[in-house]
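Here's a friendly walk through one protein model. Have a look at the sequence and the 3D view, then read on.

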Amino acid sequence: MRILEITNLKKTFHSNFLIKKYRILKGIDISVEAGEIYGFLGPNGAGKTTTIKCIMGLLFPDEGEILINGRPADTIDARRPIGFLPENPYFYDYLNANELLNFSASLYSIPAAAARERIDRLIQQVGLAGFERLKLRKFSKGMTQRLGMAQALIQDPDFLILDEPFSGLDPIGRKEFRDLILNLKEQGKTIFFSSHILQDMEMMVDRVGIIINGKISRQGKLSELIAGSTRCHEIVCSQISEKQLALIHPNFVRRDNQYIITLDNEAEINLVVESIIHNNGLVIAVNPVKKTLEDIFLNEIGEVQ
Ligand SMILES: Nc1ncnc2c1ncn2[C@@H]1O[C@H](COP(=O)(O)OP(=O)(O)OP(=O)(O)O)[C@@H](O)[C@H]1O
Ligand SMILES: [Mg+2]
């Protein structure tokens, strides 16, 4: 089942006095299936936040259709099952985390006892235990991000839209958020998130959409985007001198007592292996190196030939 379907989404911003037009979204098509983690990837200014704001009804698109569970997104009912973490969550400074989450729970009419239990659990889950009574003006960026995540989860949403959820988090926080998101997927939830941190995406997403300059340039299963895309081959060898190796192939590095030769051209493998053996060297392994999401992303934005 399709939980989010965006077709031909267009959005133009105007400068003051409407003199200049900036076409930011130039016909975006995105589809997100129920139960998957969808990574929305793109460089700064590509239009990720603008797309997300259109989904959330914070901006009005010029053209196009956004359906949530088959219903137009511009109704509150259609958006009700969505938990949303904005790019820069901003909260009222003089509340504490408990008060803010209680306020959010009351907006969703969650009964007090259930809210209490859920808030305690969420505070633990997002790693804010011990900071429940600290005023939010004293929160660090990472703590605010954690609180934003708790708030996004307060009504136990089926569908989560997270704009840069990892921003401001330290490596431990990133790992905790990854685990939290994977855990939500296991519970059957759907997650749509934008991020620049490719490693985080690579570790979690089922499908990815790459937006560049207001257009989706690639969309697909991560496994399909990466599959069959061998970037290069590595030959691991030892028992050969650096001098001999340099004559065989110039592109190698030393790691402990082994050498790793990188070959861009598959056709060179046999010749290099034979030459190492001929020089009484030991060939330990020949490994294909798969493309990463980063390679695909850089390729798309034209930074890799
Ligand atoms: N309200 C606005 N008025 C005019 N231009 C805007 C407005 N909001 C965004 N833009 C422009 O639209 C473009 C896309 O911005 P957007 O915030 O969607 O990018 P993004 O992909 O989320 O980038 P980032 O990775 O930096 O968060 C940018 O060039 C930005 O300057
Ligand atoms: Mg953004």
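Leaving aside its neighbours within four places in sequence, which residues is Ile248 in contact with? They are Val272, Ser275 and Ile276, where "in contact" means that the two C-beta atoms, placed from the backbone, lie within 7 Å.

## Before we start

This is a predicted model, so local features need pLDDT of at least 70 and side-chain atom pairs count only at pLDDT 80 or more, while totals for chains, interfaces and linings use all residues. Residues are numbered from 1 along each chain as its sequence is written, and chains are lettered from A and ligands numbered from 1 in the order in which they are written.

What about confidence? The protein chain has a mean pLDDT of 91, with 99% of its residues at 70 or more; pLDDT is the predictor's confidence in each residue, from 0 to 100.

The contact uses twelve residues of domain 1 and eight residues of domain 2.

On the side of domain 1 that touches domain 2, α7 (198-204), β9 (207-212), β10 (215-221) and α8 (222-226) each supply at least two residues. That side is made up of nine nonpolar residues, one polar and two charged. In this sorting, Ala, Val, Leu, Ile, Met, Phe, Trp, Tyr, Cys and Pro are nonpolar, Asp, Glu, Lys and Arg are charged, and the others, Gly among them, are polar.

## The nonpolar cores

Let's go inside. The largest nonpolar core has 60 residues, and Leu122, Ala150, Ile191 and Phe192 have the most contacts inside it. Because domain 1 (2-226) and domain 2 (230-300) both give residues to this core, it lies between them. Another core, of nine residues, lies apart from it and includes Phe252, Tyr259, Ile261 and Val272. A nonpolar core here is a set of buried Ala, Val, Leu, Ile, Met, Phe, Trp, Tyr and Cys residues joined through C-beta atoms within 7 Å. A residue is buried if 20 or more other C-beta atoms lie within 10 Å of its own, exposed if 12 or fewer, and partly exposed in between, with C-beta atoms placed from the backbone.

Setting aside neighbours within four places in sequence, Phe192 is in contact with Leu4, Val32, Tyr38, Phe40 and Ile161. Ile161 turns up again as a contact of Ile55, together with Ile66 and Ala73, not counting residues up to four places away. Ile55 is in helix α1 and is buried, with 22 other C-beta atoms within 10 Å.

## Around the ligand

Which residues surround ligand 1? They are Phe13, Tyr22, Ile24, Gly42, Asn44, Gly45, Ala46, Gly47, Lys48, Thr49, Thr50 and Glu87, where being near means having a C-beta atom, placed from the backbone, within 6 Å of the molecule.

Both β2 (21-33) and α1 (48-55) give at least two residues to this shell, and α1 has the largest share, three residues. By type, the shell has four nonpolar, six polar and two charged residues.

## A few residues to look up

Back to Ile248: it lies in helix α9 (residues 242-248) and is buried, with 22 other C-beta atoms within 10 Å. Ile248 and Phe192 are 56 residues apart in sequence and 48 Å apart in space, C-alpha to C-alpha. Now try Asn257, in the loop between β12 (252-255) and β13 (258-263). Asn257 is exposed, with 7 other C-beta atoms within 10 Å, and its C-alpha atom is 6.6 Å from that of Ser238, 19 residues apart along the chain.

Two residues have a positive phi without being glycine. Asn8, in strand β1 (residues 2-14), has a phi near 50 degrees and is partly exposed, with 13 C-beta neighbours inside 10 Å. Glu164, in the loop between β7 and α6 (171-186), has a phi of about 55 degrees and is buried, with 20 C-beta neighbours inside 10 Å.

Methods
Domain bounds come from an automatic or database domain assignment. Helices (H or I, at least four residues) and strands (E, at least two) are DSSP runs, numbered from the N terminus.
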